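Here is a short tour for anyone who likes to look at how two chains meet. Have the viewer ready and follow along.

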Amino acid sequence: MDLFLQQVFNGIMFGSTYAIVALGLTLVMGILNIPNFAHGHLYMLGGYLLFFFGSTIGLGYWFGLIVSVAAMGVVGVLMERIVYRPLNDQPHINAFIAAVGSLLFLESFALVVWGSQGLRIPNPYPQMIEIMGITTSIQRLLVIIGAVLLIAGLHLFMKKTILGATIEAVAQNREGAMLTGINVNRVSAMTFAISAGTAAVAASLLSPIFMLSPSMGAILGMKAFVIVILGGMGSIPGAIFGGYLLGLIEALGGGYLSAAYKDVFAFGALILILSIKPTGLFGQKEV
Amino acid sequence: MFTKPIHTKLLYLAILAAALLLPWYVPDAYIFQIVTMSILYAVAASGMNLILGFTGQVTLAHGAFFGMGAYGVAIMTKAGIIFWLALPVSALIAAFIGLLIGLPTLRTRGAYFAIVTLCFGVIVWIVSGNWVELTGGHNGIFGIPRPSPIPVPFFGQIEFFSQTSMYYLSLAVLLLVLFALYRLVYSVFGLTFMAVRNNEPLADSVGINTYATKLISFVAGNFIAGLAGGMYAAIMGAVSPSAAGYMLTFNFLIFVILGGMATLPGPVVGAFAIPVLMEFMQFLDDYRMLIFGALLIVVIIYFPMGLVGGLRRLNQKVAARRQQKVSESGHASR
Amino acid sequence: MLRVESVTKRFQGLVAVQDLSFEIIKGEILAIIGPNGAGKSTVFNLITGTLKPTSGQIFINELDITGAWPHQVASKGISRTFQTTSLFDQLRVIDNLMIGYKWRTKLGFWNTLFHTPRWKAHQAETYQRAMETLKFLGLAEKHDQFVPALSQEEQKRLAIGIALVCKPQVLLLDEPTGGLIQEETDRVTDLIRRVREQGTTVCLIEHKMQMIMGVADRIVVLNYGKKISEGSPAEVQSDQAVIEAYLGGEVHA
């Protein structure tokens with residue numbers, strides 16, 4: 001029973017990360033109708049920027065986190081401006097290819113700057129605590145609480161601010177939003193900033209527990225795609241629900257499946273579901 | 001209808017002659033190996049170009065289908081099946097698995113297909129590294145035999161033990177693939193690929209089965225990838241998961257885009273120019289992918305037709321200016 | 001020859017077309033008119049299989065084509081154009097037309113790969129038919145140009161040509177003169193008449209009343225997805241329901 005609870009706890013922790021990363025991705029895909037293949041790599045870069053600001057410069061964990069999230073927001077805006085906006089009027093596949101270019105660029109950037117060997121961010125809260133029979137570190141608990149706070153904050157932002165409402169409107173219906181006179185370019189840039197910033201939050205929360213490596217974004221990014229497609233593009237509840245679900249399935253199924261094939265099942269499930277329902281589990285929109 | 005100007009034909013003939021005589025003026029075994037690999041990459045990239053460039057479907061599993069061909073030949077020839085049977089069978093397996101993946105996913109438009117193929121590429125890569133009984137795991141398979149000699153009446157037999165003979169075999173495969181693609185693409189049938197890429201609803205409305213067109217393109221492109229992979233296994237004598245990896249897909253993508261997508265010479269130019277460039281850029285080491293990643297973005301934004309497309313446009317401009325000059329001088333003399 | 005029988009289309013509770021029945025008679029020019037949002041384009045999309053009707057049936061020569069795929073409908077001899085001029089704008093003019101003729105031929109994968117005798121014959125036939133159509137459209141000398149080099153009117157003509165090249169039985173034209181000035185409209189209208197004289201039945205959606213009254217044999221009037229009137233131009237013009245629908249909504253001159 002304890003082992004089961006422990007696995008559930010781990011599942012929720014990974015699910016928190018998945019949910020945040022998928023959240024940022026679903027917004028971008030809903031807004032721009034293009035798959036940002038580099039989204040996982042934004043997560044990776046967020047982790048490294050925390051290392052840079054927190055450890056290399058010495059701002060410490062919390063201050064480093066704030067600075068790295070802000071810096072990633074800028075990176076998001078730059079990415080939208082430099083890579084995607086010039087391709088707005090061109091065939092969609094050109095933007096797909098540019099996304100692959102960004103992915104290669106970001107990964108080799110991290111490789112060049114920080115090297116291929118794993119880096120460790122000092123864990124600010126390594127103390128262990130025990131709740132309900134589960135032994136865990138405070139940092140792991142922080143991942144879960146941080147994710148809940150971020151999701152709640154983002155929800156409030158979407159529902160209570162005009163900018164948030166605008167983003168949601170564009171995500172759900174780009175043409176309709178354009179007709180009502182919304183500046184879609186500004187919304188796109190803001191969405192990229194939020195998307196990259198939230199990915200950095202997820203990376204900052206999780207990276208004191210695991211090593212940083214330039215390739216860590218690739219698989220996570222793909223899992224985010226799986227979640228977004230299953231949850232429906234542009235759907236925030238779908239991304240959150242799907243994120244926690246995937247985390248739990250992996251944690252609980254991990255004992256029965258071999259570790260090497262764990263990812264195969266997630267991607268296999270995606271192909272299978274798309275075969276049966278080509279528009280995703282909850283989605284209606286074709287992109 | 002689809003003819004090329006005479007000077008372009010002459011250029012192609014010169015390149016062909018240079019390629020045929022290459023073993024005489026490139027004695028360096030290492031460079032020779034790079035050129036042979038480039039031929040195979042050109043074959044695979046041409047297959048990707050059929051799907052991506054001409055039909056407009058972003059496939060990100062091309063390395064996986066290349067790997068299926070490579071592992072297919074490796075496994076079959078190790079099991080005693082002759083290469084000349086193993087190669088087409090491996091390519092057919094790649095094509096068939098492509099059909100299975102394409103059937104459900106090509107009904108959807110755009111992003112879904114790209115994402116699913118990316119995921120499928122990763123699956124194949126993971127499986128190739130972990131299914132030890134079949135693929136040898138991370139060590140891969142080595143000691144793959146060379147193709148058996150072909151008996152030729154009155155002549156003896158053609159043997160494939162030397163690097164030179166494998167070079168000519170690869171060149172023959174490339175020429176055959178380009179010839180087939182040339183026939184397919186420059187025809188009314190080929191126009192339907194471009195119709196699907198350009199305007200799918202209109203293609204539908206003029207009686208083109210767009211779904212079947214995409215499937216044919218995807219299956220044919222994967223067959224070509226499998227063919228290239230099978231040749232790779234025979235030449236290298238060994239395969240490892242990197243021959244099925246998604247980095248390979250990205251390399252093919254770079255060849256196609258920088259060389260010029262939706263042009264037949266584009267992927268060939270890319271597959272030859274870029275590995276050579278990378279050799280010269282050896283000192284840059286890790287920076288190479290940084291540069292090519294950035295280059296991919298710049299080219300797709302400003303020169304979406306790549307190097308070959310850019311040269312063609314330049315050629316047209318020169319031709320137009322010359323014509324203008326001729327007509328001007330004609331007016332002057334009057 | 002083409003019969004729409006009590007067809008209804010709902011979009012998430014919204015009724016776009018309601019219990020609509022009408023017939024296109026061989027050799028005529030039928031116009032479908034109605035205020036904006038009356039469901040005219042939806043009717044075309046339902047006939048051509050782009051949309052599936054919620055209920056009702058569609059027949060061509062008594063053959064049920066309800067729910068068929070667009071490419072299947074096209075191969076039954078029903079061609080269409082789109083409201084926004086839809087062309088293969090990355091290709092040359094002649095290529096646009098050859099694509100339109102392809103389904104009539106056996107220019108498939110294997111025939112093309114092996115250049116069979118059949119391929120040679122059909123490829124030549126396709127080219128010939130495309131050039132013939134270009135002459136009919138008055139675009140023969142532009143066959144080698146790319147689509148963006150054409151004027152707006154020429155593009156509209158080409159769009160009709162793509163639909164016409166395969167010798168369809170019925171040609172559905174969605175606002176063939178939309179956005180054109182009077183002079184250009186007259187020329188395209190003339191082209192439509194010549195299409196009918198060639199033996200192709202025409203059904204068109206249009207806003208320009210003067211043009212419709214001049215060219216159409218019969219008119220079907222839609223309002224809010226329902227047929228409110230049908231008959232000759234004169235009959236429709238004097239129909240009280242039509243006058244009310246137009247005065248109540250927008251007036252199109």
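## The model and its interface

A quick note before the numbers: this is a predicted model. Chain A brings 46 residues to the contact, and chain B brings 41 residues.

The size of an interface is often given as the accessible area lost when the parts come together. Between chain A and chain B, about 3,800 Å² is buried, and carbon and sulfur atoms give 82% of that area. On the chain A side, A:Ile97, A:Leu104 and A:Ile271 supply 16% of the area that chain A buries against chain B, more than any other three residues.

## Polar links across the contact

If you are looking for salt bridges between chain A and chain B, the count is zero. Polar contacts between the two chains come to two residue pairs, both at pLDDT 80 or more.

## Which helices of chain A take part

Four helices of chain A each supply at least two residues of the side that touches chain B: α3 (61-84), α4 (92-114), α9 (216-231) and α11 (262-276). The largest share of that side comes from α4(A), with 15 residues. By residue type, the side of chain A that touches chain B holds 34 nonpolar, nine polar and three charged residues.

## A nonpolar patch on chain B

Chain B also has a nonpolar surface patch of about 960 Å², made by B:Ile6, B:Leu10, B:Leu13, B:Leu16, B:Leu20, B:Leu21, B:Trp24, B:Tyr25 and B:Leu175. Helix α1 (residues 6-25) of chain B gives the largest share of the patch, eight residues. B:Leu20 is a residue of that helix.

Methods. Residues are numbered from 1 along each chain as its sequence is written. Chains are lettered from A and ligands numbered from 1 in the order in which they are written. This is a predicted model: local features need pLDDT of at least 70, side-chain atom pairs count only at pLDDT 80 or more; totals for chains, interfaces and linings use all residues. Side-chain values use heavy atoms; hydrogens and water are left out. Contact means heavy atoms within 4.5 Å. Buried area is the accessible area (1.4 Å probe) that two parts lose on being put together, summed over both. A salt bridge is a side-chain nitrogen of Lys or Arg within 4 Å of a carboxyl oxygen of Asp or Glu. A polar contact is a pair of N or O atoms within 3.5 Å; within protein, one must be able to donate a hydrogen and the other to accept it, and residues adjacent in sequence count only if both atoms are side-chain atoms. Ala, Val, Leu, Ile, Met, Phe, Trp, Tyr, Cys and Pro count as nonpolar, Asp, Glu, Lys and Arg as charged, and the others, Gly among them, as polar. Patches are made of residues with over 30% relative accessible area and no salt bridge: like charges are joined within 9 Å, nonpolar side chains (Val, Leu, Ile, Met, Phe, Trp, Tyr) within 5 Å. Accessible areas come from the Shrake-Rupley method with a 1.4 Å probe; for residues, only the protein chains shown count as cover.
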